[in-house]
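Let's walk through this model together, starting at a metal site and then moving on to a pair of packed helices.

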Amino acid sequence: MHIRAKSGKIDQESTDAIIIYLFQDMDFSTGPVSRIDTALDGAIRELYENNDFNGKKDQKQLLYTHGKLPTKRILLIGLGAQDQLTLDTIRKTASNAATYLRDHGIKSVSTTIHAPTSTAISRLDQSQALVEGVLLGTYQFTEFKTIDTEKIKTLAELTIIEEDDSKLEVISSGMKIGESIAHATNWTRDLISHPGNSMTPTILADTTKNMAESLGLDYCILSMPEIEEIGMGSFIGVAKGSQEPAKFIIVEYNRDNPDLDTIVIVGKGITFDSGGISIKPGQGMELMKTDMSGAAAVLGVIQAVAKLNLPIHLVALAPATENLPSGTAIKPGDVLKSLSGKTIEIISTDAEGRLILADALAYVAKHYKPDAIIDIATLTGACMHALGPFFTGLMSQNENLVEDIEDAAKRSGDRVWRLPLDDDYKAAIKSDVADLCNIGSQKYLAGATTAAHFLQVFVGDIPWAHLDIAGTAFNVPDMPYFKTGATGAGVRLLIDLAMHWK
Ligand code: BES
Ligand code: ZN
Ligand code: ZN
């Protein structure tokens, strides 16, 4: 989609359709809406007076202009009350308007920003949110459709029109930020949506290589012999069950700038999780192609951070492998020696995410001196049960990092909810035969927290936070800008965190 800001008057715009965002408490005496209303012989005011349209959130009304204005159509869409306006309302409403027009076959739309004086939301943030809403909402994954492809409708052009030339630059910057964030999120969603047979660890590594080269990022992809040589016994344990060779992916932005803070983001890259020997039930197993959502997220984040030229040193790591049962797969009871030197007793081969992350986190502790590590993973069904699809689980013992992540969640709309990580829960991962075991044994084991405690063992004393996206990565219902399929959970959150890092 071609996105731009343009100086001009929205009522003079000649295009397929104009979107007009309206509040419940609308002032019709001045401004572009009043001019449009006058040109349409008071049609908008009449709708309000008769209560047929009153600006309530997501209320829609399509009007034909019959030559009274250069545009053919106007879509009125409600934003609710002015003093209740939030960035997420803008994202959702922009998404609803754009998908509505796209589904009606419209290719090119123009709109305008009216920053109500009663809210603190800047024009920059509004334009960013609007573009995010439109691009996230109109995203479609159609790569594997070969029939009826000519019926797939797309929106080709979005223009924000601004009358006041002095505000054009700010709107244009907001749009560019929104575009980079939404493109990175949609790129991540594409990776997640690919089935396991077309998103193997090798394909994920090749995709990363192309992305890194196109942005001039440093990267390094470790293959099986190197992974074995450096002693990632926990990662290898999982990889052993599959014929597909595992990859350990490293991408770096601003590597050669020692003055910058270093943040490391680590994503779980299980390209298919069958459970291994502790095999999962068949029903819904196809969804386990999304078990690399954490890896896809960190790779999406680093590309947006690079495009936005943010002043941080960012490292994205993604251990990638399949988790399959076979004659060479690990078995319950096996003991693995991790990169950290600690031994792990396998109780369930389905708790594989923490095994590959353990070695990735130990690798970070060994090779970097980061100011923060954040890992992101579709780690536990328990987190999904606890929080459902709308909030990512956040676990950390570092209050500052928690606060920064919670603030980023509020700004970005990529929501998190903190779950406890008190030391009391640690006992669950004690093992009789090894240094620790990979799952807790009690009935009520607080599975999301237990998993986080397991990871924390490998981090040492670096500020660290864990994000469990098992519930939020895929099929989030009733969110206009997600529809069905992959959401890119964590991408907007971590980009926002990087944008506000201090
Ligand atoms: N990939 C799953 C977690 C998951 C479940 C993600 C549902 C998305 C949706 C993970 O590897 C797993 O299987 N975890 C087990 C852990 C258990 C054996 C302690 C789980 O949550 O059941
Ligand atoms: Zn599993
Ligand atoms: Zn898994």
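Along the sequence, the donor residues of the zinc ion (ligand 2) follow the spacing D-x76-D-x1-E. Asp 273 lies in strand 10 (residues 269-273), while Asp 350 sits in the loop between strand 13 (343-345) and helix 10 (353-367), so this pair ties together parts that are 77 residues apart in sequence. Helices (H or I, at least four residues) and strands (E, at least two) are DSSP runs, numbered from the N terminus.

This is a predicted model, where local features need pLDDT of at least 70, side-chain atom pairs count only at pLDDT 80 or more, and totals for chains, interfaces and linings use all residues. Residues are numbered from 1 along each chain as its sequence is written, chains are lettered from A and ligands numbered from 1 in written order, and side-chain values use heavy atoms, without hydrogens and water.

Now look at the zinc ion (ligand 2) itself: Asp 273 (OD), Asp 350 (O), Asp 350 (OD) and Glu 352 (OE) coordinate it at 2.0 to 2.2 Å. Donors here are N, O and S atoms within 2.8 Å of the metal (3.2 Å for Na, K and Ca); water is not among the atoms, so sites may look incomplete. Asp 273 also coordinates the zinc ion (ligand 3), which is 3.2 Å from the zinc ion (ligand 2). Asp 273 has a relative accessible area of 3% and is buried, whereas Asp 350, at 22%, is partly exposed. Buried means under 20% relative accessible area, exposed over 50%, and partly exposed in between (1.4 Å probe, protein chains only).

Elsewhere, helix 4 (residues 123-137) packs against helix 5 (residues 168-193) at an angle of about 30°, with the axes 7 Å apart. Axes are lines fitted to C-alpha atoms, for helices over the stretch in contact, and angles run from 0 to 180 degrees between N-to-C directions.
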